[in-house]
Amino acid sequence: MLNMTIDGKSVDTFATFDVVNPATGLVEAQAPECTPEQLDQAMGSARAAHTDWRRDDDARRAALHALADAVDGRQEELTKLLIQETGKPLAVAAGEVASAAPWIRYYADLEWPRRVIQDDESALISVERRPMGVVAAITPWNGPVGMWSWKIAPALRGGNTVVLKPSPFTPLSTLLLGEIGAEVLPPGVINIVTGGDELGKAMTAHPTPRKVSFTGSIGAGRSVAVNAANDLKRVTLELGGNDAAIVLDDADLETAAGTLFAFSMFNCGQICCIPKRIFVPSNRYDQFVEAFGAAARATVVGDPTDPATALGPLTTRPQFERVSELVQDAIASGARVVAGGKPVDGGGYFFEPTVFADVAEGVRIVDEEQFGPAIPILRYDTVEEAVERANATNYGLSGSVWSADEERARSVAAELECGTAWVNCHAMLPSHAPFSGAKHSGLGVANGEDGLRSFTEQQVVHTART
Ligand code: NAD
């Protein structure tokens, strides 16, 4: 069994919880349940490690390179565990694992110039960025390896140490990452603890961390913000989305349909920032729906370890049940099923790629984040109306506009109330682009230089010269 990593050591496990393989629906592994004492040890070890870690940026950059190399060297094992716990198809899992090391190297290499506000005979005033201390990092089940790298790379480069907890549904790859980290980093710099939502709450309320970096649902994010407010911890919340993709009437429909289908079904629809509502002009609606449905029917659903598989299972039983419920609700509300519409027989949490037409607001699959392989296509008459409907939600993570005319698309994108607006693409997340959610989709910024800044506190150093 994989163990937790605390203070650079693999620690004893007193109790365990089940880890299910979503492709079979069977319990295939156990993970350690972190005790309150072990959480205290992890926090204490991170705090102790911070004293040296915070001081030497060059050493941190070198250590991050060593970590990236170590992760690269274990790609095969990580991919295997990731498939076992998430049900991601081989190429998707391998892609996620392969993305971790470059993400770490990006932060290791980022040049981060000091800001000098004044430098003259009367004063030298500079704006420095200082480490915060210990970061409590909490990740969801839809991208455990990717989210690990998104959090630890900027946190460590910024001079912080970390206690990280993955989702109880997908702890395995993160536990292995803890072991890999312990081989190359000083003890205590990254601690990995595993357990349920209560452990996340205990981390957020713990007096040691100065920052909570959380990725997950809006409900849990709200609870994190409330818990962290007691001692004014800094928080970054990357939360859910209900992204609108607006197809304009001049778009190449075949290309837009094919690409939007691929994005909306990526990782079985379980990505925060993929298209979840697609708006198509009335005069081109039927053509688009037909192309989208054809793509769904051509999708190979099945064993995630088979390289021919495009769509694996949903990752958790609750998510499988939720998607089944939303699909049933849409059908009962009169939505037209263009493709799919039901679970796939056999073991595991497989669901047919499902496309709905003739559906609109007021139906749950449109109004709520479905986080699964079921996508509604909505009809609109004017672009103003499409924008208004796209914005008529508390979600504000991202969105996209599709058009042959880049300028026209960019002007529509400017009207979208969301943290990222893509033009003729969706869910593109390079490490150097900041990522944030508007409205209920988040607080603070991740990724890029802004993401690094969010793991530091500002300190102004004002040196008088006269
Ligand atoms: P979740 O909120 O149920 O759980 C996420 C993590 O938080 C888990 O580790 C969980 O144990 C922990 N947790 C749960 N309740 C907590 C609490 N009250 N206090 C502290 N920790 C708590 O989310 P999930 O179901 O694992 O993930 C799916 C959600 O995550 C979707 O809504 C998706 O859109 C969102 N997500 C957002 C982003 C982003 O970058 N914006 C990225 C990935 C996923």
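Reply: On a 1 Å grid over the protein atoms alone, a pocket is an open set of points with protein on both sides within 12 Å along at least five of seven lines, whereas a cavity is a set where a 1.4 Å probe fits but cannot get out; lining residues have an atom within 4 Å of a point. Points are joined across faces, edges and corners, and a volume is the space filled by probe spheres set on them. This is a predicted model, in which local features need pLDDT of at least 70 and side-chain atom pairs count only at pLDDT 80 or more, while totals for chains, interfaces and linings use all residues. Residues are numbered from 1 along each chain as its sequence is written, and side-chain values use heavy atoms, without hydrogens and water.

Me: Which element gives the largest share of the lining of the second largest pocket?

Reply: The second largest pocket has a volume of about 470 Å³. Of its 18 lining residues, those closest to the centre are Trp-112, Val-127, Glu-128, Arg-129 and Arg-130. With helices (H or I, at least four residues) and strands (E, at least two) taken as DSSP runs numbered from the N terminus, the largest share, five residues, comes from β6.

Me: What is the volume of the largest cavity?

Reply: The structure holds three cavities of 30 Å³ or more. The largest cavity is lined by 16 residues, with Arg-277, Ala-390, Ser-398, Glu-417 and Cys-418 nearest its centre, and α13 (383-391) and β17 (398-402) each supply at least two residues of that lining. Its volume is about 110 Å³.
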